[in-house]
Amino acid sequence: MAVSPALLYNGRVFQSSGTDAKTHSFAECILTDAEGKIVHVGFVSDPKVVAAEAARVTRHDMKGRIVLPSFVDGHMHLLRLGQSLLNVPLENCKNLDDIRAAIKEYAVANPSLSRITCKNWMFSMTDGKATASMLDDLDPRPIFIDEKSLHSTWCNTAALEEMGVQDMEDPEGGKIYRDENGKVTGLMTETVIMRIVWPHLAKAASMEEKVEAMKGAVDAYSAVGYTGAVEMAMDENGLEALRHLRQTHKVPVRFAAHWVITPRKTEAENLAQVDRAIELWKELNAETSPDFRIAGIKVVCDGIIDGCTAALTEPYSTNGANVESLWSLEELAPVIKKADGAGMQIALHAIGDAAIKIAIDALEKHATPGRRHRIEHLELAMPEDAARLGKLGITASIQAVHADPAILRAWPKLLGEHRCKRAFAYKDFADGGAVLALGSDAPTAPIEPLKNIYTATTRRSAREPDYKETVNPEFALELAAAVSAATAGSAYSCFADKWTGKLEPGLSADFAVVEMDWDADKLLESNIVETWFKGEKVYDAQAA
Ligand SMILES: [Zn+2]
C-alpha cells in the first residue's frame with residue numbers, strides 16, 4: 001500500500017530524549033517515504049532533504065506549527081465511547097431537576113428510539129440517591145443512566161424489567177440495590193455493570209448500530225490527533241463489533257486490547273476467562289495483527305472514590321465504612337500467573353491505596369519483570385507504593401482528566417484533607433522511574449489529549465477553566481513529560497513503541513499538527529489542525 005512520499009517543512013517537530021522526556025528539542029522538518037515511514041527528521045539544509053526536494057517530493061508547509069507524535073490513548077473503552085457519543089449528556093446538570101429536564105427534552109425530541117441512555121451523572125448531583133421512582137413518570141421507555149466513572153448505573157422500572165434483574169443474584173463484586181422487601185430500587189454498581197448492564201445494552205443494539213457507534217468514536221479520535229489506543233475492557237461483544245468495523249471501514253487508529261476478567265465464584269471460572277484471552281492473543285498479536293490485537297488481560301481490583309467503592313487502608317471519612325479489594329492477593333495469584341506465563345501483559349485497575357498495594361504486591365510476587373505490566377488509575381497511592389512502580393518495571397497508567405479539580409469537590413469530605421494530599425501523585429511515579437502512560441478512560445472523561453495534558457501539567461480544571469483550584473500542584477508534570485506520556489509512554493505501555501510514539505527515522509509516519517504555544521497554561525486554546533497515520537493525512541480541520 002504505497003503512499004506519496006512527503007516533506008513536511010517549516011514546522012516545529014517535537015523530539016525527546018525518551019519516555020521521561022528529560023530533555024526535548026524541536027526540529028524543522030519530517031521526510032516520509034512511500035511505505036508511510038519516517039526517513040528523516042531534521043532541517044531543510046540536511047543532505048537527505050535536499051536530495052528529496054531535487055526528486056520533487058510532495059511538500060507540505062507546516063506554517064510554523066508544532067508537530068507532535070500522534071497520540072496513543074493509554075486507556076479507553078471503544079464501544080462504550082461510541083455508544084456514549086449517542087447518549088444524553090448530563091455533566092452540566094447540578095441536581096435532579098436538571099437531570100429530569102434533560103431526559104424529558106431528549107425523550108420528546110427522539111420518539112422513535114426504543115430506549116433512552118444517558119451519561120455522566122454523578123452521585124453528588126442527586127445527594128447520593130438513585131432510585132427508579134425518581135425517573136418513572138418521565139417516559140414509558142427504558143431509561144439507563146451511566147454514572148460518570150461507569151461504575152454505577154441508575155435505571156427506571158422499565159429498564160429494570162427489560163434486564164430482568166429482579167430475579168437475578170448479585171454477581172461477585174457487584175450489587176443490585178434492593179429495598180427492605182427485596183424489590184430492586186434502580187441502582188446497580190461495579191461488576192453488575194460489566195456483567196449485566198453493558199451486555200444487555202450491547203445485545204439490545206444491532207451489529208449495524210454497534211459498528212456505527214464505533215465508527216463515530218474512531219472519527220472523533222482522528223479529529224483530536226490520535227492514531228492509537230489501548231482498549232481496556234475488551235469482551236466478546238466488543239471484539240466482534242471491532243472485527244466488523246475493520247472489515248467494513250478504513251480504521252486509522254491502531255487498537256491494543258486488554259481482555260477483561262471479571263471475578264467469578266471459582267478459580268476455574270476465573271482461569272477459563274484467561275484461557276479465552278490467551279486463545280485470542282495467539283490469533284491477534286503484534287506479529288499477526290499489529291493494528292488490532294490483544295495485548296493482555298485486565299482485572300478490576302476496586303471501584304472509585306466518589307462511589308465509596310475504592311479500597312482504602314483507612315475507612316471513608318464520611319461514613320466510617322470501607323470496602324475491600326474485589327480480588328484478594330490469593331485470588332489474583334493464579335490469574336496473574338497464567339496470563340504472565342503465557343507472555344501476556346497484565347493491567348490491574350487500582351484506585352484506592354489498599355487496592356494499589358495489593359496490585360503491586362501481586363505483580364511483584366507473581367509476574368515477570370520486563371513484561372510491561374501496568375496499573376490503571378493509581379489515584380491515591382502511598383509514597384512507598386508510588387516508589388515501587390519504577391523499581392518493578394510497572395507502567396503507571398494515569399488519566400489526568402480524572403484529576404480535574406472540578407470533579408473532585410467531594411474528595412475532602414470523603415477522604416479528609418490529609419489523604420487528599422496523596423491524590424494523583426504523578427510526579428512521584430515518574431521520580432521513582434516508572435514509565436507514565438497518559439489516557440482518557442473515555443467515555444468516563446473527555447477524549448481531547450491536550451486538555452488531558454493541561455490538567456497533568458497545571459493541575460487545574462479543563463472542564464471549568466475559570467475554576468482556580470489546583471490539585472496537589474507539587475505532582476504536576478512538565479509539558480514535555482506529559483506530551484511524552486500521551487505518545488511515547490502510551491506506545492511503550494502496549495509494546496507499540498517499536499513502530500510509533502516518537503518522530504524518528506524508521507517509525508511509522510504518525511503525527512499530529514497542532515496550533516499551539518509551547519506553554520502549559522495556554523493548552524486549552526490549542527487546536528489539532530491535521531492528523532497523519534502511516535504517511536497519510538487522515539484528518540484535516542480545514543476540510544472538516
Ligand atoms: Zn476504564
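C155 touches A132, I143, F144, L160 and G186, leaving aside residues up to four places away in sequence; contact here means C-beta atoms, placed from the backbone, within 7 Å. The model is predicted: local features need pLDDT of at least 70, side-chain atom pairs count only at pLDDT 80 or more, and totals for chains, interfaces and linings use all residues. Residues are numbered from 1 along each chain as its sequence is written. C155 lies in strand β12 (residues 152-155). Strands (E, at least two residues) and helices (H or I, at least four) are DSSP runs, numbered from the N terminus. C155 counts as buried because 25 C-beta neighbours lie inside 10 Å. The cut-offs are 20 or more other C-beta atoms within 10 Å for buried, 12 or fewer for exposed, and in between for partly exposed.

Helix α6 (residues 207-223) has 17 residues. Its buried residues are K210, V211, A213, M214, A217, V218, Y221 and S222. They pack against α2 (78-84), α5 (191-204), β15 (226-234), α7 (236-248), β23 (527-533) and β24 (536-540). Just after α6, G225 takes a positive phi of about 95°.

Helices α8 (residues 267-283) and α9 (residues 329-342) form a pair whose axes come within 9 Å and cross at roughly 20°. Axes are lines fitted to C-alpha atoms over the stretch in contact, and angles run from 0 to 180 degrees between N-to-C directions. The crossing angle therefore makes α8 roughly parallel to α9; angles under 35 degrees count as roughly parallel, over 145 as roughly antiparallel, 65 to 115 as roughly perpendicular and the rest as oblique. The contact involves E267, N270, L271, V274, A277 and I278 of α8, and P334, V335, K338, A339 and A342 of α9.

Conventions. Expected span 1.5 Å × (residues − 1). Contact = placed C-beta atoms within 7 Å.
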